[in-house]
Amino acid sequence: MALLFRRLWTLRSGEVLSRAVPCWPASCVLRARASHLDAGSLTKHKPSLTKGEWRKKLTPEQFYVTREKGTEPPFSGIYLKNKESGMYHCVCCNSPLFSSCHAGNVFLSSEKKYCSGTGWPSFSEAHGTFGSEESNTGILRRVDTSLGLVRTEVVCKQCEAHLGHVFPDGPGPTGQRFCINSVALKFKPRTP
């Protein structure tokens, strides 16, 4: 595993891992030295609760997604079509993760949540992002090689809950699509 991470890190920033996963479109494969990859996210932090404590605190579906890296079925999440302004927090620890600003049904120019048509709530950036800098956000990025693919997992920085994945096919200016499970989120509407 260490050799894999070393190889990923030493790739030139423009080199794509298309040989490693030929069935995955080259445009969607992780670029190992992408400027937005949080190198600190590869370290393991001690979870705040035991597995049993998480199981008691969360619903079975929340536990499956956030603690066992599961995925809710597409088009089933309660926040997929949510158009309210407010903040999306981690369902496990209440850390603020993503924001949403709507004016009726018309998106404001600062809107970060959008409909990607994929079946999960999508965001163009995490709350607290400044340009390409994510050190003040509530998320971490991790390399995910499950399912025989190389993807970028998104986890809560505070409690390491699995939230979803980020892909490089989102709208400008970031070009990112944070594909997040509704069950991993708790929405708090903006107060007027």
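**Aromatic pairs and cysteines**

Tyr88 is buried, with a relative accessible area of 0%. This value falls under the 20% limit for a buried residue. The model is predicted, and the values here are computed from it. Phe123 is likewise buried, at 0% relative accessibility.

The aromatic rings were examined next. The count comes to 6 aromatic pairs. In one of them, the ring centres of Tyr88 and Phe123 lie 5.2 Å apart, and their planes meet at 70°, so this pair is edge-to-face. The cut-off for that class is an angle over 60 degrees. The pair joins distant parts of the chain. Tyr88 belongs to strand S1 (residues 86-90), while Phe123 belongs to strand S6 (residues 122-123). The two residues are 35 residues apart. Both also belong to a cluster. Ring pairs link Tyr88 and Phe123 with Tyr79, Phe98, Phe178 and Phe187.

Another contact involves a charge and a ring. The charged end of Arg67 sits over the ring of Trp54. The distance to the ring centre is 4.1 Å.

The cysteines were then searched for bonds. The whole structure holds 0 disulfides. Cys90 illustrates why: the closest cysteine sulfur to its own is in Cys159, 3.7 Å away, which is too far for a bond. A disulfide requires the two sulfur atoms to be within 2.5 Å. Cysteine surroundings were also compared. Cys90 is buried, with a relative accessible area of 0%. Cys115, in contrast, is exposed, at 67% relative accessibility. That figure passes the exposed cut-off, which is over 50%.

Notes
Residues are numbered from 1 along each chain as its sequence is written. This is a predicted model: local features need pLDDT of at least 70, side-chain atom pairs count only at pLDDT 80 or more; totals for chains, interfaces and linings use all residues. Side-chain values use heavy atoms; hydrogens and water are left out. Rings of Phe, Tyr and Trp (its six-membered ring) pair if their centres lie within 6.5 Å; planes under 30 degrees apart count as stacked, over 60 as edge-to-face and the rest as tilted. Helices (H or I, at least four residues) and strands (E, at least two) are DSSP runs, numbered from the N terminus. Buried means under 20% relative accessible area, exposed over 50%, partly exposed in between (1.4 Å probe, protein chains only). A charge sits over a ring if NZ of Lys or CZ of Arg is within 6 Å of the ring centre and within 35 degrees of the ring normal.
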